[in-house]
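Colleague: I have a structure open and would like to go through it with you. Can we take it a piece at a time?

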Amino acid sequence: MSNTPMAANPLTRAVLEIDEYASGLGWDQPARLFALVDTARLRTQEPALAAQLGLQDESAVAALTPIEQEEIPAGKALDEFLATIAWPDAVAGCALTVERLMLPPSAEASVPEGLNEKKLAQWVAEHPDRQEVRMTVAVLRDGTRDSALRLREKDAPTEVLTGGALVPGLAEALSATFED
């Protein structure tokens, strides 16, 4: 993940690293979950793992290291899956990358009433103004959050939007994984 630009803070850098990783896998990928661990703590407590991840050089490493978790079970709703997660104390935060179809705000007025979830998804998929987007959302235990959005039609590192409030619902769901 050496092409990731330097970011203002460790969480933004982690989000951009995950976005770059997901970008390298291409589109039409399943959702991916990552634990975010303090790199210095990882290096001290798990030196073999740190070496395996190429984190032994203290000067060239970000403060947070994303570690991809097991695959999210197919067929399980994302919100239901997230509700089953509990993180050990060594995990400083978590991140999720997921692809979705989005519509511009102007399309809200034309959404037919009374559609169930399946029919609404079909309506969105057939809408001429739909956009495919990859969202990478990360949160820390203290509530700090950041995210990156990449449109499929503008699939370039220079076109990635970042900000803490871009995907508030998903950030809330990820924050809930740290609650007791």
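Colleague: Where is the place of T65?

Modeller: T65 is in strand 2, which covers residues 64-68. Helices (H or I, at least four residues) and strands (E, at least two) are DSSP runs, numbered from the N terminus. Before we go on: this is a predicted model, where local features need pLDDT of at least 70 and side-chain atom pairs count only at pLDDT 80 or more, while totals for chains, interfaces and linings use all residues. Residues are numbered from 1 along each chain as its sequence is written, and side-chain values use heavy atoms, with hydrogens and water left out.

Colleague: Is T65 buried or exposed?

Modeller: T65 counts as buried, at 7% relative accessibility. Buried means under 20% relative accessible area, exposed over 50%, and partly exposed in between (1.4 Å probe, protein chains only).

Colleague: Which side chain does the side chain of T65 make a polar contact with?

Modeller: That of T39, at 2.6 Å. A polar contact is a pair of N or O atoms within 3.5 Å; within protein, one must be able to donate a hydrogen and the other to accept it, and residues adjacent in sequence count only if both atoms are side-chain atoms.

Colleague: And which residues is T65 in contact with, leaving aside neighbours within four places in sequence?

Modeller: A35, L36, V37, T39, L42, L53 and L55. Contact means heavy atoms within 4.5 Å.

Colleague: New topic. How many aromatic pairs are there?

Modeller: The count comes to 2 aromatic pairs. The rule is that rings of Phe, Tyr and Trp (its six-membered ring) pair if their centres lie within 6.5 Å; planes under 30 degrees apart count as stacked, over 60 as edge-to-face and the rest as tilted.

Colleague: What about W87 and F178?

Modeller: Their ring centres are 6.2 Å apart and the planes are at 25°, so that pair is stacked. W87 lies in the loop between helix 4 (78-82) and strand 3 (91-102), and F178 in the segment after helix 6 (168-176), so the pair ties together parts that are 91 residues apart in sequence. Both W87 and F178 are buried.

Colleague: Which ring face does R134 lie over?

Modeller: The face of W27, at 4.1 Å from the ring centre. For a charge to sit over a ring, NZ of Lys or CZ of Arg must be within 6 Å of the ring centre and within 35 degrees of the ring normal. R134 is found in strand 4 (residues 131-140).

Colleague: What else does the side chain of R134 reach?

Modeller: The backbone oxygen of G26, at 3.2 Å. At 2% relative accessibility, R134 counts as buried.

Colleague: What else lies in the loop between helix 1 and strand 1?

Modeller: A31 does. A31 is buried, with a relative accessible area of 18%, and touches I72, L96, T97 and V98, not counting residues up to four places away in sequence.

Colleague: Now the whole protein. What does the secondary structure come to?

Modeller: It comes to 6 helices and 6 strands. Along the sequence the pattern is α-β-α-α-β-α-β-α-β-β-β-α. The radius of gyration is 17 Å, close to the 16 Å that the globule rule gives for 180 residues, so the protein is as compact as a globular protein of that length. That radius is taken over C-alpha atoms, and the globule rule is 2.2 Å times the number of residues to the power 0.38.

Colleague: How many of the 180 residues are buried, as a percentage?

Modeller: Buried residues make up 38% of them.
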